[in-house]
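Subject: Structure for you to look at

Hello,

Here is the structure I said I would pass on. Please open it and keep it in view while you read the notes below.

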Amino acid sequence: MRIVALLLLIAACSSAEQLEVTLEGEGAERLLRFYFGSYTSDDPFETGLLERRGDRFYVGLAVLREYSPELAQGLKAKASDGIVSPESLRAAVQMTYYRARNLPEELSEFNDRWVTDNVIAFEVHGPVTNYLRRITLAEPALQSAIWDYYENGEKIRYAIGTVIKAEHLRGTRVVETTAMVRRSDGFWDFATYDSAGVLASHTLPNDRALVTPTECAGCHFGKKGFEPELSWPLDPTQTPDGIRKWYTGSRDIEVAEFFSEHLRRSDTLLGLYATTYVSDLRERRRAGTLDSSAIALLNHLGL
Ligand code: HEC
C-alpha cells in the first residue's frame with residue numbers, strides 16, 4: 001500500500017514538473033525536435049526532455065533545467081494551467097536560442113570560426129528579401145554532397161559543420177547576412193547578422209521582419225514551394241511581389257527533374273545548388289572543357 005502511494009506521489013510530482021507544449025500542424029514533432037535539440041546534444045526524446053503521448057507533447061522541466069535554466073524559467077513563466085501556447089514557446093526559444101547555440105556575437109567572429117575556402121556563389125532575387133541575395137558555400141562541401149547522393153538514399157545532404165551564408169546586397173553594400181550551419185543532429189542552425197555585422201534577433205522588414213530561428217524554420221521545414229526556384233529552369237511568370245529570379249548557373253531541365261532539389265529539400269535547404277552546379281558541368285562537358293574528376297562525378301550520377 002505504502003509503495004503504491006509512494007509511486008503515485010512520484011508520478012504526481014513528475015507530472016507537476018511537466019508542461020504541455022502545443023504547436024500547430026503535422027510537422028510539430030520535427031519542430032519540437034529542432035527547438036529543444038538546440039539546447040542539448042542528445043536526442044530530446046531519449047533524455048526525457050520531451051515526451052509524446054498520443055498527439056500531445058510534454059516538456060520535462062527538471063531535465064530542461066539541466067540544459068537551459070533560462071528556457072525552463074521562460075516556459076514556466078509563460079505557461080497557463082500547465083500549457084504553453086505556440087506563441088509563448090516560440091518567444092521563449094527566440095530569447096534563449098543564440099546563447100544556447102553559442103553563435104558568435106559578431107559576423108567577423110563567425111567567419112573566423114567557420115572558415116570557408118573555395119567558395120562558390122549563387123545570386124538570386126527570392127522571397128526572403130527584396131535585396132539581391134548572394135549565397136555562398138564551399139565548393140568541396142557541395143561536391144561531396146553530390147558525390148554522396150546515392151549513398152544518402154538519393155538525397156543531397158551536407159556534412160556536419162557546413163556553412164551556407166546569404167548576404168543581402170544593396171548595390172555592393174551588404175545590408176544583412178543570414179547564415180545556416182549544419183548541426184550533428186541533422187538540423188541546421190540559423191543566424192541573422194545586421195548591417196554592422198552584429199547578431200540580430202530578426203531580419204530587416206521585407207513584408208515583415210523574420211524572427212530567428214523560429215520563422216526561418218517555418219519556411220525551411222515546410223512544404224510550400226517558392227519562386228523563383230519552383231519554376232526553374234523557367235523564370236516565374238507571376239511573382240507575388242517584385243522581381244524573382246535565379247541568376248547563377250546553366251539551366252538544364254533534365255538536371256532539374258533529376259534532383260527536384262527545391263521541392264524535395266532533403267536537407268531543409270531551398271536553393272538550387274546541386275542543380276545549377278551539375279547543369280554547369282553538363283554544359284562544360286558539351287563544350288569539351290570539363291576535367292576528368294568532374295566527368296567522373298557526372299558519370300557517377302548517370303547524368
Ligand atoms: C518565406 C520563406 C523563408 C523564410 C521565412 C526564410 N527563408 Fe531562408 N530561404 C528561402 C528560400 C526560398 C531560399 C532559397 C534562396 C532564395 O530564393 O532566396 C532560402 C535560402 C536560405 C539560405 C541559403 C541556403 C538554402 O536553404 O538555400 C540561408 C542561409 C537562409 N535561407 C537563411 C534563412 C534564415 C536565417 C531565415 C530566418 C531569419 C530564413 N532563411 C527564413 C525561404 C525562406
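Of the 303 residues in the protein chain, 34% are buried. Please keep in mind that this is a predicted model. The chain holds 12 helices and 10 strands, and its C-alpha atoms fill a box of roughly 85 × 40 × 40 Å along the principal axes. Among contacts in the chain with a separation of 6 or more, 51% are between residues 24 or more positions apart.

Where the two touch, domain 1 puts in 11 residues and domain 2 puts in 10 residues. On the domain 1 side, helix 2 (28-37) and helix 5 (86-101) each supply at least two residues. Helix 5 gives the most to that side, namely six residues. By type, the residues on the domain 1 side are five nonpolar, three polar and three charged.

The ligand

How many residues surround the ligand, and which are the closest? There are 26 around it, and Gly126, Cys216, Cys219, Leu269 and Gly271 are the closest. Several elements give two or more residues to this shell: strand 6 (132-138), strand 7 (163-170), strand 8 (173-182), strand 9 (188-193) and helix 8 (214-221). Helix 8 gives the most, with five residues. Sorted by type, the shell has 15 nonpolar residues, eight polar and three charged.

Strand 5 and its partners

Strand 6 turns up again here. Strand 5, residues 119-125, runs antiparallel to strand 6, and six bridges join the two. A hairpin of six residues leads from strand 5 to strand 6. To find the pairing in the model, look for Ile120 in strand 5, which stands opposite Leu137 in strand 6.

Strand 5 is also joined to strand 10, residues 245-246, by two bridges, and this pair is antiparallel too. Here Val124 stands opposite Trp246 in strand 10.

Two exposed places

Is helix 12, residues 292-301, buried or in the open? The number of buried residues among its 10 is zero, so helix 12 lies largely in the open. Just after helix 12 comes Gly302, with a positive phi of about 80°.

The other place is Ile253, which lies in helix 9, residues 253-259. Why does Ile253 count as exposed? Ile253 has 11 C-beta neighbours inside 10 Å, so Ile253 falls in the exposed class. For a distance to check yourself, take Ile253 and Phe226: they are 27 residues apart in sequence, and their C-alpha atoms are 18 Å apart in space.

Regards

How values were computed
Residues numbered from 1 in each chain as written. Predicted model: local features only at pLDDT ≥ 70, side-chain atom pairs only at ≥ 80, totals over all residues. Near = placed C-beta within 6 Å. Helix = DSSP H or I, 4+ residues; strand = E, 2+ residues; numbered from the N terminus. Nonpolar A, V, L, I, M, F, W, Y, C, P; charged D, E, K, R; others polar. Buried ≥ 20, exposed ≤ 12 C-beta atoms within 10 Å, placed from the backbone. Contact = placed C-beta atoms within 7 Å. Pairing = 2+ DSSP bridges.
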